[in-house]
Amino acid sequence: MSAVEPLSPAQLSAWDDAQTPPVAELVAPQVWAIPVPIPAGTIPHTLCYALFGGDGVHLIDPGWGHPDGIRALEAGLASAGAALADVRTVIATHFHPDHLGAAAELRERCGARVVFSRVEQQVLHTETSAEATDISAYRETLRGWGVPEPRWDELIASFGRPSLVASGSPDLAVDDGDVLDLSGHRLHVLATPGHTEGHICLIDEERGLLYSGDHVLPRIYSGVGIGVLPGSDALHDYFHSLDRLAPYDEFVVLPGHEFRFRGLAARRAQVAAHHLRRTREVAALADELGDAPVWDYARRLTWTAGWSGMSGFWLHSALRQTAMHRDYARTASARARLGAAPPA
């Protein structure tokens, strides 16, 4: 199994120095990478991919719908010899605002067709519904998790933040196995639920490219279950989605962030081990804690910032992760994976 091999010195050095890489970099025949800034947060930019064809330009993950982002797209396309008016298609691997956010403006300004998965359309509707911000229901969740009442206010304040993506529909909803023919770019749609339930990767077999969105990144471990439908098992889905990428282990990976790379087999193994480490930690507490609430499990786990440093959104995230791993640890799928994988 080969190690992860960065393929763009410019993207790698920019990422390591917390800088922006070149406005456009040719990464494959007729494929350019354009960094699009993220207005807030710890990740500085999204990598948008511009696919040039005889009928215009097709974008994968156009970035945040912010004036700085649109200007970055314009500058990147100009550097590659095109204009915003040339954009014909906008594809989003998933609904998060740093991937889908600019799609609505591009549709309005350029008449671009917006494409994302049919499942993600359902997820987006769920995530932006009134039920998604129902405070009374969230209070019951906190009660079920066993959260001490003095901590409720900070969690409710975090939970009540407005959605950053407005509800909407694609012009074309795609399913697993569909093929997008984009004037010289034949992209196979591969459903890869886990990060979100409707996340997709796109496979260009002719060029040996895998557009991975946030499913697999070269260094960052993407979160799991950040947008799912009721009753989902996001961890089970995520591990299965990692397995589905095995036929493309020799492809060049074009991720949504950081830098393009080879070594997908090695990275898939690292990512699986990372998430199974948490499942293993939760499972090790099960004999002692049994059906104890999520709070009791979470405060016994290892957290980068330490349990005492958890507050607001990060506390909510920790509790949600713990609930997800506790539920998954009880499944046959988890037992099989934990038995097969050495402790990480």
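Student: How many Å apart are the mean positions of the positive and negative charges of the chain?
Tutor: The model is a predicted one. Its chain carries 28 positive and 42 negative charges.

Student: What radius of gyration does the chain have, and why does it agree with a compact globule?
Tutor: The C-alpha trace spans about 65 × 45 × 40 Å along its principal axes. For 344 residues, a compact globule would have a radius of gyration near 20 Å, and the chain agrees because its own value is 20 Å.

Student: Why are the buried residues of α4 on the same side of the helix?
Tutor: Helix α4 comprises residues 103-110, and its residues A103, L106 and C110 are buried. These residues lie on the same side of α4 because the arc they cover around the axis is only 60°.

Student: Which elements do the buried residues of α4 pack against?
Tutor: Two helices are among the partners, α2 (67-79) and α3 (97-100). The strands that pack against these buried residues are β5 (56-60), β6 (87-91) and β7 (113-117).

Student: Which residue with a positive phi follows α4?
Tutor: The phi of this residue is near 75°. The residue is G111.

Notes. Residues numbered from 1 in each chain as written. Predicted model: local features only at pLDDT ≥ 70, side-chain atom pairs only at ≥ 80, totals over all residues. Heavy atoms only, no water. Rg over C-alpha atoms; globule rule 2.2 N^0.38 Å. Lys, Arg positive; Asp, Glu negative; His and termini not counted. Charge placed at Lys NZ, Arg CZ, Asp CG, Glu CD. Buried < 20%, exposed > 50% of the residue type's maximum accessible area, 1.4 Å probe, protein only. Helix = DSSP H or I, 4+ residues; strand = E, 2+ residues; numbered from the N terminus. Arc of directions from axis to C-beta. Contact = heavy atoms within 4.5 Å.
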